[in-house]
Amino acid sequence: MLIGASVFFILGCVALLAALTGPGRVQWTGRSVQGTEIGGIVYCSYDGQNYSLDSTSRFMSNTVYFDPSHPYTSAMLGNAADRVLDIVTVAGPYAIATIILVTGTSRRMLRRRARRKPGSSDPTTSFGQGLDPGDVRRLIERNATQS
């Protein structure tokens, strides 16, 4: 259980690192400005400068994301599919790790509770619960008659 959760947690960390260091990182860490599309070109302005980007895909939005220190070289149009994919690949492994831990912990708690239940007919759950009161009574009576 713990190994499986650890594997998915590490996978989530790798996906998060890839999302924050890859080319699409400006969608998460950069600034955004609303642009205007005219004839397949999106125009926007930031800090008194005008910028333009080709809008070659119908899945791109008119929102322009960029790194404020390098607005011209880092600018990219927003893509909802890329953002959803980033969210799924980052949050998915973390969610799976959490589910593994929660289900494993709850199953372990249920098993412990079943072992503590008095009168359990399963011999594996009664192991280690002490001596049977009838056996103790017989031993005391036998020791009392022998002395």
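# Helices, sheets and selected residues

Q: In which helix does Q27 lie?
A: This is a predicted model in which local features need pLDDT of at least 70, side-chain atom pairs count only at pLDDT 80 or more, and totals for chains, interfaces and linings use all residues. Residues are numbered from 1 along each chain as its sequence is written, and side-chain values use heavy atoms, with hydrogens and water left out. Helices (H or I, at least four residues) and strands (E, at least two) are DSSP runs numbered from the N terminus. Residues 26-29 form the helix that holds Q27, namely α2.

Q: Is Q27 buried or exposed?
A: Relative accessible area decides this: buried is under 20%, exposed is over 50%, and partly exposed is in between (1.4 Å probe, protein chains only). Q27 has a relative accessible area of 5%, so Q27 is buried.

Q: Which residues is Q27 in contact with, leaving aside its neighbours within four places in sequence?
A: Contact means heavy atoms within 4.5 Å. With those neighbours left aside, the partners of Q27 are Y65, M76, L77, G78, N79, D82 and R83.

Q: Which residue lies over the face of W28?
A: A charge sits over a ring if NZ of Lys or CZ of Arg is within 6 Å of the ring centre and within 35 degrees of the ring normal. At 4.3 Å from the ring centre of W28, the residue in question is R83.

Q: What is the strand order in the open sheet that contains β3?
A: Two strands pair if DSSP finds at least two bridges between them. The sheet has three strands with antiparallel pairing, and their order is β2-β3-β4.

Q: Why is one side of β2 and of β4 left without a neighbour in the sheet?
A: β2 covers residues 36-38 and β4 covers 49-54, and both stand at the edges.

Q: How many bridges join β3 and β4?
A: Strand β3 covers residues 41-46. Within this pair, C44 stands opposite Y51, and Y43 has S52 as its bridge partner. The pairing is antiparallel, and the number of bridges is six.

Q: Which residue in β3 stands opposite E37?
A: β2 and β3 pair in the antiparallel sense over three bridges. They form a hairpin with two residues between them, where G39 in the turn has a positive phi of about 60°. Opposite E37 stands V42.

Q: What is the phi of D47?
A: D47 is found in the loop between β3 and β4. At 70% relative accessibility, D47 counts as exposed. Its phi is positive, in a residue other than glycine, and lies near 55°.

Q: What is the average twist from one strand to the next in the sheet β1-β5-β6?
A: This open sheet has three strands in antiparallel pairing. β1 (31-34) and β6 (76-79) each have a single partner strand, so one side of each is left without a neighbour in the sheet. From one strand to the next, the average twist is 45°.

Q: Which residue in β5 stands opposite V33?
A: β1 pairs with strand β5 (residues 60-66) in the antiparallel sense over four bridges. Across from V33 stands V64.

Q: At what angle does helix α4 run to β6?
A: Axes are lines fitted to C-alpha atoms, for helices over the stretch in contact, and angles run from 0 to 180 degrees between N-to-C directions. Helix α4 (residues 80-116) lies across β5 and β6, and its angle to β6 is about 65°.

Q: What distance separates the C-alpha atoms of L101 and L2?
A: L101 is found in helix α4 and counts as partly exposed at 34% relative accessibility. Leaving aside neighbours within four places in sequence, L101 is in contact with M1, L2 and A5. L101 and L2 are 99 residues apart along the chain, and their C-alpha atoms are separated by 7.0 Å.

Q: How many disulfides does the rule count?
A: A disulfide is a pair of cysteine sulfur atoms within 2.5 Å. C13 counts as partly exposed at 32% relative accessibility, whereas C44 counts as buried at 10%. The disulfide count comes to zero.
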